[in-house]
Amino acid sequence: MAFRASLRLATTARPAAARLFSQATSVPTSSASSVTAAQIRRDAALPNPDPAEDSASAALVREHAPFMVATYARPPPVFVKGQGSYLYDIENRKYLDFTAGIAVNSLGHCDPEISDLIAQQSKTLMHASNLYYNPWTGALSKLLIEQTIASGGMHDTAAVFICNSGSEANEAGIKFARKAAKVLDPSGSKTEIVSFRNAFHGRTMGALSATPNPKYQAPFAPMVPGCRVGDLNDIAALPALVTESTCSVIVEPIQGEGGVQVASDEFLLALAARCREVGAVLHYDEIQCGLSRTGQLWAHSHLPPDAHPDILTTAKALGNGFPIGATLVNGRVAEKIKVGDHGTTFGGNPLACRLAVRIVERLADPALQRGVAEKSQVFRDGFEKLAGRFQGLVQEVRGKGLILGLQLSEDPAPIVKAARERGLLVITAGTNTLRFVPSLVMSEEEIKEGLGVLEEAILATRA
Ligand SMILES: Cc1ncc(COP(=O)(O)O)c(C=O)c1O
């Protein structure tokens with residue numbers, strides 16, 4: 001109820017807020033005279049109708065979009081503010097956010113403690129380059145190692161390379177694996193990188209080459225040579241897929257973009273065993289599924305040491321919205337990386353690292369992790385209700401903790417739009433999958449409200 005009431009409040013307060021915003025930014029507000037009767041009827045029926053052609057949002061988009069490389073197809077709202085579980089647009093509409101900036105804002109939007117830290121550290125030291133030590137790059141590296149081992153994950157993690165994004169973290173992982181293999185086998189025949197169908201590892205050339213999706217790869221072919229593709233959870237195929245020529249196998253324990261597909265424990269155990277047999281580096285990409293999103297620090301933390309990776313990559317939630325990524329390696333990899341092998345100008349800067357230290361401390365909190373499991377159940381109960389009400393639409397529920405996928409029998413785009421126009425943001429993944437990756441501190445009440453809105457949105461698309 002609180003959500004609905006506040007939605008109405010935000011909507012009625014729209015003209016004043018739009019006026020305020022237009023004063024601050026010179027964005028024109030909508031003129032009532034040019035709004036059609038049909039638009040008025042439609043807008044009256046919805047809490048958050050997508051901003052119309054004559055809105056401040058549309059004016060801003062018209063002014064700015066021509067200057068932006070068109071790599072994304074964005075919906076009409078223009079977001080100006082985030083707070084906790086909510087985003088607000090120029091028209092001062094309020095949206096409950098089940099996306100958390102694609103699994104990034106795990107502590108919610110604009111967490112006050114993190115915002116204060118940004119302010120403090122930005123007045124102390126932001127950047128001095130990797131040519132010098134600072135107090136925070138090493139502190140974050142140490143903390144990531146300690147917390148990883150304490151969580152039961154990657155037991156032999158020994159050193160960390162800090163960068164600015166997920167792609168960069170994977171790129172470092174791929175380069176480290178190639179280097180490690182070259183040290184083991186200087187003949188140069190151990191260079192193959194294995195990844196899995198529906199994987200997403202990033203858009204830079206190395207990470208893209210391990211992302212076997214024709215939509216992403218074809219325009220930029222040829223890819224980095226030596227990449228092979230297998231099927232997730234196909235244990236029988238591993239001996240032929242991972243061979244003496246393999247230097248690295250990169251896998252998401254839960255594929256995010258690919259449609260929330262979970263790698264089975266048996267598969268990861270078999271994969272790790274095969275990697276050890278042929279001397280290949282095992283690389284877990286936990287950029288989306290890690291940092292307590294599954295209710296444990298890493299999605300692999302419950303696995304026995306035999307199934308632990310040699311390389312572990314993280315990003316997204318590590319900065320709660322501030323750009324940062326990290327590549328954790330064990331001693332066998334670390335000892336083969338020498339001064340000058342890899343580098344970055346911005347990676348590991350004291351501002352990003354100081355924030356990440358606090359973020360990791362908070363995300364590693366067992367109480368927060370227990371909360372993730374409880375909230376996950378609220379989602380699952382809601383999904384069961386949806387499956388009961390909309391027979392034939394919901395095919396499957398996948399995922400763990402707060403990385404959940406609802407496999408639908410149809411394109412979810414109309415549902416995503418109907419939800420947005422009712423004040424709820426959701427995203428898709430894979431084929432016909434609704435993806436739920438909200439903040440890990442969203443309240444159960446908010447989740448229930450959001451699920452109610454989702455139900456209304458689905459209903460609206462049945463007409
Ligand atoms: C599993 C995984 N790996 C890598 C990436 C790439 O991260 P970034 O977009 O920060 O480069 C993503 C981003 O969605 C991801 O989900």
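In α7, the residues Trp 136, Thr 137, Ala 139, Leu 140, Leu 143, Leu 144 and Gln 147 meet Pro 350, Cys 353, Arg 354, Ala 356, Val 357 and Val 360 of α14, a contact being a pair of residues whose C-beta atoms, placed from the backbone, lie within 7 Å. Helices (H or I, at least four residues) and strands (E, at least two) are DSSP runs, numbered from the N terminus. The model is a predicted one, in which local features need pLDDT of at least 70 and side-chain atom pairs count only at pLDDT 80 or more, while totals for chains, interfaces and linings use all residues. Residues are numbered from 1 along each chain as its sequence is written.

The axes of α7 (residues 135-150) and α14 (residues 350-363) come within 8 Å and cross at roughly 25 degrees, where axes are lines fitted to C-alpha atoms, for helices over the stretch in contact, and angles run from 0 to 180 degrees between N-to-C directions. That makes α7 roughly parallel to α14, the term applying to angles under 35 degrees. The crossing of α7 past α14 is left-handed, that is, the near helix is turned anticlockwise from the far one by less than a right angle.

Two helices can be set out by length and burial; the expected span is 1.5 Å times one less than the number of residues, and a residue is buried if 20 or more other C-beta atoms lie within 10 Å of its own.

| Helix | Residues | End-to-end C-alpha distance | Expected span | Buried |
|---|---|---|---|---|
| α14 | 14 residues | 20 Å | 20 Å | 10 of 14 residues |

Among the buried residues of α14 are Pro 350, Cys 353, Arg 354, Ala 356 and Val 360, and what covers its buried residues includes α6 (112-122), α7, β4 (157-163) and α15.

Elsewhere, four strands form an open antiparallel sheet in the order β13-β14-β17-β16, strands being paired if DSSP finds at least two bridges between them. β13 (394-400) and β16 (427-429) stand at the edges with a single partner strand each, so one side of each is left without a neighbour in the sheet. From one strand to the next, the twist averages 30 degrees. β13 pairs with β14 (residues 403-408) over six bridges, and Gly 399 stands opposite Leu 404 in β14. Helix α15 (residues 366-389) packs on this sheet, touching β13, β14 and β17 (433-436), and its direction makes about 175 degrees with that of β13.

Conventions:
Two residues are in contact if their C-beta atoms, placed from the backbone, lie within 7 Å. Angles under 35 degrees count as roughly parallel, over 145 as roughly antiparallel, 65 to 115 as roughly perpendicular and the rest as oblique. A residue is buried if 20 or more other C-beta atoms lie within 10 Å of its own, exposed if 12 or fewer, and partly exposed in between; C-beta atoms are placed from the backbone.
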